[in-house]
Structure formats: C-alpha cells, structure tokens
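Please examine the sequence and the model shown below before reading the report.

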Amino acid sequence: MDSNSKIYTFNEVAKHNHEKDCWLIISGYVYDVTSYLPDHPGGSELLVLTVEKDATFDFKSVGHSETAREMMKKYQIGKIDPLTLPTEQKYVETTPYKPTPSLLSFSPLHVLIPLLLLVLAFAFPYLKIKA
Ligand code: HEM
C-alpha cells in the first residue's frame, strides 16, 4: 500500500507533538515535518506550535507560496480520518455572510401604511365638504 493512502486518526497524529517527532494536519493530509523543522523559513518553533490540531488555518493564513505547497508533498505520509477530528478544530472554508433580501420578510408597517392611505382616501371627500 502506498504510504500516502494511509488513514490516520487524530489521536494517532497528535502523539507526534514535539521537535524530535512532529506531525501536522493540513487540508486533510498528514505531514511528518520532523526532518524539515530546522530548514523551515518560518522557524521550527512555529511548526511545533501547530501540532495536536488542524493546522490548515495557520498554514493558509501565512499565504505560503506555490513552491512551499509543492515542497510539502515530500513530507506527506497519509490522510486524516475527518470523523476523528475534534469538532472545534475542524477547518471550515467560509465565504462572507451576505443577507438575501426577501420579499416575504414581514413588517407591521407593510400593512399599516396602505391601511392609512385607504382611510385617508375615503375620508377625503367628507373632510372637503365639511371645510
Ligand atoms: C508541511 C508544512 C509546511 C511547509 C513545507 C512550509 C514551507 C514554508 C516555506 C517554503 C516558506 C518560505 C515562504 C514561501 O515559500 O511561502 C515558509 C514560510 C513560512 N511558514 Fe511555512 N511551511 C509549512 C507549514 C507551516 C505552518 C503550519 C505554519 C504555521 C503558522 C507556517 C508558518 C510559516 C511562516 C510564518 C512563514 C514566513 C516566514 C517569513 O517570511 O519570515 N508554515 N514555509
């Protein structure tokens, strides 16, 4: 079996959590970056700080180059079983919230204003005669 098709649970990956043995979870894949730590341009400490979690957000927020993304394939050792990731740690791709205007959204003014206009229309001739 190809080593990259191996599926790891979160607990298995989380055991590799220090400088001498460091595994990361990024975008659903598991990376053994132990040998890369001394060469990482962002420093080894930073990588060790992203163990025991889904590090996708940390990785993406730095805006790594295409070279970095190519390079990381070398350290890929398998995939993470997404069902084993703690819910609060799952990386969720988000799009900004845009409220959709709805024709059905109800406000009391939608009834009161036409009602007021109707009353005024009927009352107008009567008011004119009186004046
Ligand atoms: C397999 C995983 C990773 C690889 C192969 C990798 C590789 C690289 C490379 C090649 C660079 C140089 C700039 C570039 O080409 O984008 C870089 C910069 C950087 N990386 Fe990573 N990285 C990994 C994971 C992470 C993670 C999880 C973090 C956590 C925040 C991180 C933080 C940084 C930072 C802050 C820099 C900028 C350093 C600077 O410009 O001073 N990296 N990384």
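The report covers the basis of the model, the annotated span, the sheet and the surroundings of the ligand.

## Basis of the model

The structure is a predicted model, in which local features need pLDDT of at least 70 and side-chain atom pairs count only at pLDDT 80 or more, whereas totals for chains, interfaces and linings use all residues. Residues are numbered from 1 along each chain as its sequence is written.

The protein has a mean pLDDT of 88, and 87% of its residues reach 70 or more; pLDDT is the predictor's confidence in each residue, from 0 to 100. For the complex, the predictor gives an ipTM of 0.95 and a pTM of 0.75.

## Annotated span

According to an unreviewed UniProt entry, residues 5-81 carry the annotation "domain: Cytochrome b5 heme-binding". UniProt positions are given in the numbering used here, feature names are shortened, and annotations may be inferred rather than shown by experiment.

This span is 31% helix and 25% strand, and its end C-alpha atoms lie 11 Å apart. Helices (H or I, at least four residues) and strands (E, at least two) are DSSP runs, numbered from the N terminus.

## The sheet

An open sheet is formed by five strands in the order E1-E5-E4-E3-E2, with mixed pairing. Its edge strands are E1 and strand E2 (17-18), each of which pairs on one side only. Two strands pair if DSSP finds at least two bridges between them.

Strand E5 (residues 76-80) pairs with strand E1 (residues 7-8) in the parallel sense over two bridges. Within this pairing, Ile 7 has Lys 79 in E5 as its bridge partner. The pairing of E5 with strand E4 (residues 29-32) is antiparallel and runs over three bridges. Here Tyr 31 has Gln 76 in E5 as its bridge partner, and Val 30 stands opposite Gly 78 in E5.

## Surroundings of the ligand

The ligand is surrounded by 20 residues, of which the closest are Gly 42, Asp 58, Ser 65, Ala 68 and Met 72. A residue is near a molecule or strand if its C-beta atom, placed from the backbone, lies within 6 Å of it. By class, this shell has 13 nonpolar, six polar and one charged residues. Ala, Val, Leu, Ile, Met, Phe, Trp, Tyr, Cys and Pro count as nonpolar, Asp, Glu, Lys and Arg as charged, and the others, Gly among them, as polar.

At least two residues of the shell come from each of helix H2 (44-48), helix H3 (56-62) and helix H4 (66-72). H4 gives the most, with four residues.
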